[in-house]
Amino acid sequence: MVTPEGGKGAPSSASHPPQAPSLCSHPSILAGLPTGLSLPPRAPPPCSFPKGQRGLRVPDPAGGNGLLGGHLRAILGGAMEITVAQWVLILFLIIVPLLYEWSASFKYFCKMTFYNGWILTLAVLAIPICAVRGRNVENMKILRFMLLHIKYLYGIKIEVRGWENFNIKEQYVVVSNHQSSLDLLGMMEILPGRCVPIAKRELMYAGTVGLACWLAGVIFINRKKTDDAISVMSEAAQTMIKDDVRVWVFPEGTRNHDGSMLPFKRGAFHLAVQAQVPIIPIVMSSYRDFYSKKEKKFSTGKCMVRILPRIETRGLTADDVPELTESVRRTMLSAFLEMSGEARDKDPGGGQ
Ligand SMILES: CCCCCCCCCCCCCCC(=O)SCCNC(=O)CCNC(=O)[C@H](O)C(C)(C)COP(=O)(O)OP(=O)(O)OC[C@H]1O[C@@H](n2cnc3c(N)ncnc32)[C@H](O)[C@@H]1OP(=O)(O)O
Ligand SMILES: CCCCCCCC/C=C\CCCCCCCC(=O)OC[C@@H](O)COP(=O)(O)O
């Protein structure tokens with residue numbers, strides 16, 4: 001009988017351990033073949049230890065019968081075979097770091113993807129911890145604690161001034177400028193106790209982040225339905241007093257990447273007037289030296305956060321809201337322009 005190797009006769013099984021059937025000799029594969037095509041058993045690799053010999057013998061490169069020859073060839077042969085998937089992985093591991101270094105847009109894309117992905121992942125950890133308390137503003141401390149390290153991952157220095165302006169035991173409404181989702185870093189740096197942000201309703205559906213926000217008592221508003229949003233904010237005015245809660249609002253109502261401040265919506269100011277609590281304006285300096293969505297730039301840098309002195313609303317009514325809104329915006333804009341120049345001057349090499 002001719003073996004597949006071209007040798008004659010089946011090898012003796014006495015000196016070889018039985019081998020697992022090869023795919024082509026498996027009965028179920030052979031079942032459909034014409035009988036004349038059945039293949040003889042494959043000769044196992046020569047791998048037996050001759051009697052009395054111990055230890056290693058270098059395998060014969062020509063395929064001779066070294067002590068380890070058969071096993072080694074079998075093992076190395078399997079390991080050295082690089083599949084297409086492995087090639088793709090190797091290329092990926094080479095190309096991605098190169099692109100990351102060479103292309104600012106690619107770096108921006110990677111950093112933003114990781115930012116969102118990392119927050120979604122952290123939220124997975126936060127959810128069971130927060131769920132113990134149920135929906136509770138105290139859970140905001142857990143989210144804050146979990147997010148504080150992100151500034152180190154991204155090499156963003158945050159310098160805070162005006163801590164003394166937070167020395168108020170009572171409730172207040174925080175208003176701050178809104179440049180990007182990176183504001184979360186500045187926000188978590190200074191978030192006072194029992195303070196919840198007002199967020200667009202869409203965030204509630206952002207997977208794990210939405211659930212974590214809900215558990216931490218974030219107040220969601222439907223920006224497309226003004227009446228609904230107003231009634232949620234009016235309810236918030238009552239909750240602030242009843243449950244000793246502070247509220248953080250982005251009065252621009254949307255992210256503003258243009259290095260200035262949009263006109264302010266009046267909701268936050270109605271809220272403060274209805275609850276008769278002070279307003280604390282917070283200004284975060286421009287990110288333009290290290291981050292720009294338009295230019296697809298995202299490097300390391302520095303951000304200044306300033307907590308401005310409180311603005312009282314006691315005795316004010318709804319009629320005063322338009323003027324209050326404008327005066328707070330003017331104060332914040334002038335601080336923003338001053339600080340943004342300052343942040344750049346202090347870190348002229350920002351973005352290294
Ligand atoms: C482990 C990891 C977990 C991850 C954790 C992450 C947690 C962090 C979450 C951070 C979330 C941050 C989210 C930020 C955002 O989503 S910003 C977008 C949402 N926020 C806002 O929009 C707030 C600001 N908007 C307003 O205040 C608006 O005024 C609003 C109430 C929404 C209504 O807006 P709009 O429809 O555009 O109408 P106007 O502003 O023009 O107002 C219409 C008239 O209504 C009067 N008004 C407004 N509010 C009130 C009120 N409360 N009471 C009475 N009247 C009100 C307003 O004055 C207008 O009338 P006049 O023109 O003055 O006559
Ligand atoms: C299964 C669903 C998957 C959803 C994936 C969602 C991806 C987002 C995940 C994590 C984001 C983390 C950052 C959240 C906090 C930032 C909040 C924010 O900045 O919201 C923007 C809002 O102020 C204004 O929105 P627009 O500027 O009007 O637009």
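1. Helix H8 is followed by Gly217, whose phi is positive, near 85°. Helices here are DSSP runs of H or I with at least four residues, strands are runs of E with at least two, and both are numbered from the N terminus. The model is a predicted one, in which local features need pLDDT of at least 70 and side-chain atom pairs count only at pLDDT 80 or more, while totals for chains, interfaces and linings use all residues. Residues are numbered from 1 along each chain as its sequence is written, chains are lettered from A and ligands numbered from 1 in the order in which they are written, and side-chain values use heavy atoms, with hydrogens and water left out.

2. H8 covers residues 207–215, and its buried residues are Val209, Gly210, Ala212, Cys213 and Leu215. Buried means under 20% relative accessible area, exposed over 50%, and partly exposed in between (1.4 Å probe, protein chains only). The buried residues of H8 pack against H4, H5 and strand E4 (219–221); contact here means heavy atoms within 4.5 Å.

3. Around ligand 2 there are 14 residues, the closest being His178, Lys200, Arg223, Thr254 and Arg255. A residue counts as near a molecule or strand if one of its heavy atoms lies within 4 Å of it. By class, this shell holds six nonpolar, five polar and three charged residues. Ala, Val, Leu, Ile, Met, Phe, Trp, Tyr, Cys and Pro count as nonpolar, Asp, Glu, Lys and Arg as charged, and the others, Gly among them, as polar.

4. On its own, ligand 2 has 760 Å² of accessible area, of which the protein covers 66%. Accessible areas come from the Shrake-Rupley method with a 1.4 Å probe; for residues, only the protein chains shown count as cover. H4 and H8 are the elements that give two or more residues to this shell, and H4 gives the most, with three.

5. The shell around ligand 1 has 28 residues, with Lys200, Thr226, Lys265, Arg266 and His270 the closest. These 28 divide into 18 nonpolar, six polar and four charged. Oxygen atoms of ligand 1 lie 2.5 Å from a polar side-chain atom of Thr226 and 2.9 Å from a side-chain N or O atom of His270. A nitrogen atom of ligand 1 is 3.2 Å from a polar side-chain atom of Gln274. Taken alone, ligand 1 exposes 1300 Å², and the protein buries 80% of that. Elements giving two or more residues to the shell are helices H4 (104–131), H5 (139–147), H9 (226–242) and H10 (267–275), together with strand E3 (195–200).

6. Strand E9 (residues 301–307) has seven of its seven residues buried, so it is largely enclosed by the rest of the structure. Gly301, Cys303, Val305 and Ile307 point one way from E9, whereas Lys302, Met304 and Arg306 point the other way.

7. E9 pairs with strand E1 (residues 156–161) in the parallel sense over six bridges, and Ile158 stands opposite Cys303. Strand E6 (residues 279–284) runs antiparallel to E9 and is joined to it by three bridges, with Ile282 opposite Ile307. Two strands pair if DSSP finds at least two bridges between them.

Technical notes
Polar contact = N/O pair within 3.5 Å; in protein donor to acceptor, adjacent residues only side chain to side chain.
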